[in-house]
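Colleague: I have just opened this entry and would like to go through it with you. Could we start with how the chain holds together overall?

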Amino acid sequence: MDDARQADDARPATGRPDWATIPNAVTLLRFLLLAPVCWMLADGGPDPLDVILLLVWASTDWVDGLLARALDQTSRSGAILDPIADRIGLAAIVLTLALIGLLPWLALALIVLADVAMVVLATGAALGGRIAVSLLGKVRTVVLMSAVFAITAASAWAPGLVPAAQTLLWIGVGMHVLTAVDYVIRARLTLRAAPEPAEPPSRR
């Protein structure tokens, strides 16, 4: 009975589960689009259709946040799923671009190492609600997604602009590393600030 009451209390006033929202459905679409996007990019290199599909994939990150605010459907599930979708998606697309020679492997390595550091050292604090997404983190995501799109579009329509797009990517990579350092430091600080559990009374 207590478990059922707690489950009901965890649901919004609408009676739906926390995860059952339109914004979360858009985030799920971002997951589902990832494999086709990567496959098309790797199959002979970027072409105009690949660029359009990549733009649709990237736009879901903006659309789910817009819908969450417009429909008042923010949720704890969405706050967890959205950054996971971003990290997995960017890593997969950056890997694909590296495989077809449009992106330096060092950039991929730095992105992956920063993500691993955040997962290992800051995930607990993030899931516990002790640290929130920073402005730097939001700008970093925009810059990286814009750079990935610019590299793909330049490769399809104006190959001479690929180096300029890669410069934007390096800016995003630098911001990604700084964001990881910021999250890890804030996560460590929250752990130090957390009150120590009270010791159980001794029995004699």
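Modeller: Contacts in the chain with a separation of 6 or more come to 79% from residues 24 or more positions apart. Please bear in mind that this is a predicted model.

Colleague: What does the secondary structure of the chain come to?

Modeller: The chain has 7 helices and 0 strands. From the N terminus on, the order of elements reads α-α-α-α-α-α-α.

Colleague: And how much of the chain is buried?

Modeller: Of the 204 residues in the chain, 38% are buried.

Colleague: Let us turn to packing. At what angle do α2 and α3 pack?

Modeller: Helix α2 (residues 22-42) packs against helix α3 (residues 48-70) at about 165°, and their axes are 9 Å apart. Since angles over 145 degrees count as roughly antiparallel, α2 is therefore roughly antiparallel to α3.

Colleague: Is that crossing left-handed or right-handed?

Modeller: The crossing of α2 and α3 is left-handed.

Colleague: Which residues meet there?

Modeller: On the α2 side they include Val26, Leu29, Arg30, Leu33, Val37 and Leu41. On the α3 side, Leu53, Val56, Trp57, Thr60, Asp64 and Leu67 are among them. The residues of this contact between α2 and α3 divide into 18 nonpolar, 2 polar and 4 charged.

Colleague: Now α4 and α6. How are their axes placed?

Modeller: α4 and helix α6 (residues 135-157) pack at an angle of about 30°, and their axes lie 11 Å apart. Angles under 35 degrees count as roughly parallel, so α4 and α6 are roughly parallel to each other. Their crossing is left-handed.

Colleague: What span should α4 have, and how far apart are its end C-alpha atoms?

Modeller: At 1.5 Å a residue, the 24 residues of α4 (residues 76-99) should span 34 Å, and the end C-alpha atoms are 35 Å apart, which agrees.

Colleague: Lastly, which residue takes a positive phi just after α4?

Modeller: That is Gly101, with a phi of about 85°.

How values were computed: Residues are numbered from 1 along each chain as its sequence is written. This is a predicted model: local features need pLDDT of at least 70, side-chain atom pairs count only at pLDDT 80 or more; totals for chains, interfaces and linings use all residues. Side-chain values use heavy atoms; hydrogens and water are left out. Helices (H or I, at least four residues) and strands (E, at least two) are DSSP runs, numbered from the N terminus. The expected span of a helix is 1.5 Å times one less than its number of residues. Axes are lines fitted to C-alpha atoms, for helices over the stretch in contact, and angles run from 0 to 180 degrees between N-to-C directions. Angles under 35 degrees count as roughly parallel, over 145 as roughly antiparallel, 65 to 115 as roughly perpendicular and the rest as oblique. A crossing is left-handed if the near helix is turned anticlockwise from the far one by less than a right angle, and right-handed if clockwise. Buried means under 20% relative accessible area, exposed over 50%, partly exposed in between (1.4 Å probe, protein chains only). Contact means heavy atoms within 4.5 Å. Ala, Val, Leu, Ile, Met, Phe, Trp, Tyr, Cys and Pro count as nonpolar, Asp, Glu, Lys and Arg as charged, and the others, Gly among them, as polar.
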